[in-house]
Amino acid sequence: KALGRTEDYKRLMELSAGWEKLFDDSLKMIRPRVPNGEFIDNFNPLESWRGFQEGNAMQYTFFVPQDPYGLIALFGGDNPFITKLDNFFTNNDSMGEGASSDITGLIGQYAHGNEPSHHVAYLYSYADRKDKTQACIRDIFDRFYLPKPDGLCGNDDCGQMSAWYLFSAMGFYPVNPAGGEYILGAPQIAKVVLTLPDNKTFLIEAKGLSKENKYVKSVTLNGEAVEGLSIHHNDIMKGGTLVFTMTNQPYNMN
């Protein structure tokens with residue numbers, strides 16, 4: 001769009017919304033379609049081998065990083081979306097014999113050992129439950145990043161398992177990698193300094209961080225309260241200080 005290529009812009013935006021055509025409103029779930037346009041029959045959302053690659057319908061239903069609010073709207077709002085996410089993290093039913101061997105690191109149907117699930121913990125924040133995002137992040141760290149031979153739950157394809165660790169340890173994550181913003185989470189390291197071009201630095205502090213203090217009470221950027229869910233890439237590149245104040249109680253910031 002910035003280049004003035006209006007037709008390309010319209011076409012790409014249309015493609016980015018194509019997932020809506022696969023949303024079965026009766027089930028509130030992504031469901032494959034056959035060539036004549038009808039939804040696939042004998043549909044089992046746990047089966048990972050019918051219409052999906054390295055995942056099942058439950059995992060791919062949340063794979064809309066470019067439009068989380070659009071996904072929430074199709075669910076009917078924040079509360080039903082949160083209920084669906086809660087079920088996702090607690091449903092321990094089997095995915096069947098056809099499940100991909102890449103699906104590892106399970107918390108319910110959440111599979112931290114494979115990329116399609118990596119952003120899902122952060123989706124709670126879009127539905128105004130930042131505390132649930134923060135609790136999930138600590139749970140993932142405690143389960144799947146351990147200093148022992150089998151301490152990593154998945155294949156570090158192109159460094160993605162490590163990238164999730166580094167971003168989330170600092171306290172934010174690029175849910176939409178092309179969007180230029182980082183959704184705030186819960187830092188796992190008390191102090192991080194990023195060295196930037198032009199002799200700039202970006203300091204990240206987690207005040208009061210401990211095993212008990214896994215929730216975020218407040219966030220400031222260069223002394224100013226952070227409003228909303230995120231900071232922008234440009235905020236980091238300018239240099240400055242991001243401070244999280246941690247607490248042991250769930251606390252939903254406005």
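In the predicted model, the largest pocket has a volume of about 220 Å³. Its lining comprises 14 residues. Among these, Q160, Y173, P174, V175 and P177 lie nearest the pocket centre. The element that gives the most to this lining is α7, with four residues.

With neighbours within four places in sequence left aside, F81 is in contact with F62, L71, I72, F75, L123 and A127. In soluble globular proteins, nonpolar side chains tend to be buried together.

A polar residue, Q188, was examined next. Q188 is located in the loop that runs between β6 (181-184) and β7 (191-195). The relative accessible area of Q188 is 19%, and the residue is therefore classed as buried, the cut-off being under 20%. The side chain of Q188 is joined to that of R138 by a polar contact of 2.9 Å. When residues up to four places away in sequence are not counted, Q188 touches I137, R138, F141, S168, A169 and L209.

A disulfide is a covalent bond between the sulfur atoms of two cysteines. The structure holds zero disulfides. For C153, which is in no disulfide, the nearest cysteine sulfur is that of C136, at 14 Å. A disulfide requires two cysteine sulfur atoms within 2.5 Å, so the 14 Å from C153 to the nearest cysteine sulfur rules out such a pair for C153. C153 has a relative accessible area of 16% and is buried. C158 is likewise in no disulfide, and the cysteine sulfur nearest to that of C158 belongs to C153, 17 Å away. In terms of accessibility, C158 is exposed, because its relative accessible area of 89% is over the 50% cut-off.

How values were computed: Residues numbered from 1 in each chain as written. Predicted model: local features only at pLDDT ≥ 70, side-chain atom pairs only at ≥ 80, totals over all residues. Heavy atoms only, no water. Helix = DSSP H or I, 4+ residues; strand = E, 2+ residues; numbered from the N terminus. Buried < 20%, exposed > 50% of the residue type's maximum accessible area, 1.4 Å probe, protein only. Polar contact = N/O pair within 3.5 Å; in protein donor to acceptor, adjacent residues only side chain to side chain. Contact = heavy atoms within 4.5 Å. 1 Å grid on protein atoms, 1.4 Å probe; cavity = no way out; pocket = protein on both sides within 12 Å on 5 of 7 lines; lining within 4 Å. Points joined across faces, edges and corners; volume = space filled by probe spheres on them.
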